[in-house]
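Subject: A structure for you to look at

Hello,

I am handing over the structure I mentioned, and I hope you enjoy looking through it. Please open it alongside this email.

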Amino acid sequence: MDSITELIAEGKGKKVYATENPDEAIVFYRDETYAYHGLKRGRIIGKGEINNLICEHMFTMLKEKGVPNHFIRRIDKTSSLVKRVDIIPVSVKVRNIVAGSLAKRIGYPDGTHLKNTVVEYNLKYPELEDPLVNITHITAVELATREELDVMFGYALKVNEILKETMKEIGIELIDFKLEFGRYHGQILLADEVSPDTCRFWDSRTHEPLDIDRFRHELGNVEEAYHEVLHRLTGNVLKNNEEEA
Ligand code: 5GP
């Protein structure tokens, strides 16, 4: 394994370290999390290990289906080797059903079906609470080019189609999700993570959330929800921190 050098990014659920290879980085998934821009903090036991396995599954599947991404391989229980991209400071949210900040912004109740897919852009400026912007803002301040945004938009819709279908097969409705992209030797790669930390997953039958909203809204059974998504997606069951097929 490459030896790590410096911490290059720290997110809600993970830390990213540079390695001696300038083209690679190592992601360490953590049990720690927070919500409401850091106002609510906590720990979801097993989340780091579960998200590492879910991301391995998601990124491998997305690559096979034509969405290039940063994933190289899983290293151990809680870490993975990835391509070291230059993260574009704009996150892309894709929404199929109203929930979360969209419900608040437009005043429609959670669960309202959207006639078409909604794609939103937020600047990754936590000190400004990640403001919602449109494409002309992004190109005007030169955070990404129109061409890069077109590629990101195309991949975001493709991820939506692939994930919706995959989750439907395991009895889960894909409500919305957030993606991040990076530049890597002239290519745009999907980066960050695709997990219950970044997606809203509702059980298709009960409409119960199976994601980070259980922590955000103190709905209980948070760990169980993460285990459930991993199990339905990969067949894996984690017992006492041991992985079983
Ligand atoms: P909303 O804008 O409704 O809060 O979130 C839309 C989607 O993006 C949800 O699936 C939510 O979990 C995800 N999301 C929103 N903000 C963040 C964030 O700061 N970090 C991560 N990882 N996901 C986020």
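Below are notes on a pocket, a sheet, a helix residue and a strand.

This is a predicted model, in which local features need pLDDT of at least 70, side-chain atom pairs count only at pLDDT 80 or more, and totals for chains, interfaces and linings use all residues. Residues are numbered from 1 along each chain as its sequence is written, and side-chain values use heavy atoms, with hydrogens and water left out.

The pocket

The second largest pocket has a volume of about 220 Å³. (A pocket is an open set of points on a 1 Å grid over the protein atoms alone, where a 1.4 Å probe fits, with protein on both sides within 12 Å along at least five of seven lines; lining residues have an atom within 4 Å of a point. Points are joined across faces, edges and corners, and the volume is the space filled by probe spheres set on them.) Its lining has 13 residues, and Asn-96, Ile-97, Lys-164, Glu-173 and Leu-174 are the closest to the centre. Two or more lining residues come from each of β9 (90–97), β10 (113–123), α4 (146–169) and β12 (172–179); β10 gives the most, with 5. (Helices, H or I of at least four residues, and strands, E of at least two, are DSSP runs numbered from the N terminus.)

The sheet

An open, antiparallel sheet of 3 strands runs in the order β8-β13-β14. (Strands pair if DSSP finds at least two bridges between them.) Its edge strands, β8 (86–87) and β14 (187–190), each pair on one side only. Between β8 and β13 (181–184) there are 2 bridges, and Ile-87 stands opposite Gly-182 in β13.

The helix residue

Ala-156 lies in helix α4. With 0% relative accessibility, Ala-156 counts as buried (under 20% relative accessible area, with a 1.4 Å probe and protein chains only). Leaving aside residues up to four places away in sequence, Ala-156 touches Val-92, Val-94, Phe-177, Leu-179 and Phe-181 (contact means heavy atoms within 4.5 Å).

The strand

How many residues of strand β15 (199–203) are buried? The count is 5 of the 5, so β15 is largely enclosed by the rest of the structure. Cys-199, Phe-201 and Asp-203 point one way from β15, while Arg-200 and Trp-202 point the other way. β15 runs antiparallel to β12, joined by 5 bridges, and Trp-202 is the bridge partner of Glu-173.

Best wishes

Notes
Buried < 20%, exposed > 50% of the residue type's maximum accessible area, 1.4 Å probe, protein only.
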